[in-house]
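Trainee: I would like to go through this structure and ask what stands behind each label.

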Amino acid sequence: MDVIIIGGGIAGLSSAYTLLQLGMTVTILERNFCGEEASWAGGGILSPLPPWDYSDPVTQLTQLSNRLFPKFIEALKGEAGVDPEYRTSGMLVLNDSSGEPKDENEDARYRTAGAWCAHHAFPMRQVRSHDVAPILACDEPALWLPKVCQVRNPRLLRALRKAIELSGGNIIEHTEVTRLKIQQGHVQSISTGHGDEYTAANYIVTAGAWSSKLLHEYALKLDIWPVRGQILLFKAQPDLLPAIVLQGRDNFYLIPRQDGHILAGSTLENAGFDKHPTFGARKMLLAKARALMPALTDEILVGHWTGLRPGSPGNIPVIDSHPAITNLYVNCGHYRYGVTMAPGSAHLLSNMILKKAQPFDVTPYRWPV
């Protein structure tokens with residue numbers, strides 16, 4: 001076996017798929033069901049929110065992924081026969097959540113946005129919100145980013161799983177890794193809660209918010225923590241909302257799906273590993289959704305769930321080999337953008353394992369020491 005991947009979320013699945021396409025043999029070990037943690041729970045916006053608020057390492061990785069996504073999706077559709085509903089829906093960035101006229105800070109933010117978009121050749125223009133989305137309650141100056149894409153997370157995960165299995169990848173669920181056997185700076189094997197032992201040439205930890213916990217003392221200074229996010233799902237008429245909408249300094253969003261479902265989210269909560277939805281979050285998100293789009297009422301609310309994002313400093317993931325263990329790698333800490341960064345992160349990781357050249361300097365994603 002060339003590679004064992006520990007964790008079957010979007011990072012693990014995309015890494016497995018990429019390595020399989022390069023001719024490697026891969027097994028995924030997942031403690032529950034593949035793709036049913038944060039990867040499933042997120043919104044699938046393929047852009048930071050908003051992109052100009054993030055550092056260059058986040059920008060370069062998300063832009064790499066955006067370049068890779070079209071061929072990535074087409075290959076998955078062809079191999080798995082599952083449509084992940086990747087599409088360019090655009091994103092409307094509203095002023096702020098108060099509805100007040102722009103202040104000096106908002107003007108500065110607009111200038112920052114304009115400079116960032118110009119520098120990165122990222123299409124943007126100023127519009128009135130009703131020019132793009134007449135269904136919104138407000139008609140105010142806004143920024144329109146027409147090239148922002150989205151993907152439907154559960155369908156992407158389903159496509160990846162099927163493509164991995166068809167490519168000869170082995171997926172073993174309900175198997176929690178409990179111990180890494182390390183000798184002379186090398187992983188010799190891993191053990192599971194069932195008492196089984198697995199061996200491979202290389203081991204990759206893609207366990208999301210649980211990555212530091214899984215590695216125990218071998219985590220060193222790897223700083224990954226759980227951040228709870230709660231989201232609502234409405235069932236509306238198709239095409240009622242034509243674009244993603246991002247509002248305010250807290251980055252509340254609405255995401256329309258092709259079949260009329262609309263996601264509204266999300267919270268950022270330091271609640272440890274508690275995944276329980278809360279009434280307070282439901283009430284808050286529902287109020288925000290209705291204020292922005294009055295058609296989103298309690299009567300068409302059909303879902304409320306949580307996910308635990310893998311928090312990281314600056315939203316910069318760690319994609320690297322262990323500083324002292326030669327055949328141990330991580331691909332984790334993507335925080336809010338695991339799906340957004342998935343193809344790019346898998347590309348960087350596969351280059352590391354196969355000793356290939358990288359598309360840019362990967363120093364920002366090194367293991368902290």
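**Reading the labels**

Mentor: This is a predicted model. Helix 3 has 25 residues and spans 34 Å from its first C-alpha to its last, close to the 36 Å expected at 1.5 Å a residue.

Trainee: Where does helix 3 have a kink?
Mentor: At leucine 68, shortly before proline 70. The kink is about 40°. That angle is taken between axes fitted to the seven residues ending there and the seven starting there.

Trainee: Which residues of helix 3 are buried?
Mentor: Among them are Pro57, Leu61, Leu64, Phe69, Phe72 and Ile73. Buried means under 20% relative accessible area.

Trainee: What follows helix 3?
Mentor: Glycine 81, with a positive phi near 70°.

Trainee: What makes glutamate 74 and lysine 77 a salt bridge?
Mentor: Their side chains meet at 3.8 Å, N to O. The cut-off is within 4 Å, so the pair counts as a salt bridge. Both residues lie in helix 3, 3 residues apart, about one turn of the helix.

Trainee: Why is lysine 77 called partly exposed?
Mentor: Its relative accessibility is 32%. Buried needs under 20% and exposed needs over 50%, so lysine 77 falls in between.

Trainee: How many salt bridges does a search of the whole structure find?
Mentor: The search finds 14. Side chains of opposite charge can pair when their charged atoms come close.

Trainee: What makes glutamate 85 and arginine 152 a salt bridge?
Mentor: Their closest N and O atoms are 3.2 Å apart. The limit is 4 Å, so the pair qualifies. Glutamate 85 lies in the loop between helix 3 and strand 3, and arginine 152 in the loop between strand 7 and helix 6, so the pair ties together parts 67 residues apart in sequence.

Trainee: Are glutamate 85 and arginine 152 buried or exposed?
Mentor: Glutamate 85 has a relative accessible area of 9%. Arginine 152 has 12%. The cut-off for buried is under 20%, so glutamate 85 is buried, and so is arginine 152.

Trainee: Which other salt bridge does arginine 152 form?
Mentor: One with aspartate 259, the closest N and O atoms being 3.1 Å apart. This pair links distant parts of the chain, 107 residues apart. Aspartate 259 sits in the loop between strand 15 and strand 16. At 27% relative accessible area, aspartate 259 is partly exposed. Salt bridges with shared partners join Glu85, Arg152, Arg155 and Asp259 into one network.

Trainee: Why is alanine 121 called exposed?
Mentor: Its relative accessible area is 67%. Exposed means over 50%, so alanine 121 qualifies. Alanine 121 lies in the loop between helix 4 and strand 5. Its phi is positive, about 50°, although it is not a glycine. Histidine 216 also has a positive phi of about 50° and is not a glycine. Its place is the loop between helix 7 and strand 13.

Trainee: What about glycine 168: buried or exposed?
Mentor: Exposed, because its relative accessible area is 58% and the cut-off is over 50%. Glycine 168 is in the loop between helix 6 and strand 8.

Trainee: Which peptide bonds are cis?
Mentor: One runs from leucine 49 to proline 50, with omega near -20°. Proline 50 is in the loop between helix 2 and helix 3. Another joins glycine 265 and serine 266, with omega about -5°. Serine 266 is in the loop between strand 16 and helix 8.

Terms used
Residues numbered from 1 in each chain as written. Predicted model: local features only at pLDDT ≥ 70, side-chain atom pairs only at ≥ 80, totals over all residues. Heavy atoms only, no water. Helix = DSSP H or I, 4+ residues; strand = E, 2+ residues; numbered from the N terminus. Buried < 20%, exposed > 50% of the residue type's maximum accessible area, 1.4 Å probe, protein only. Expected span 1.5 Å × (residues − 1).
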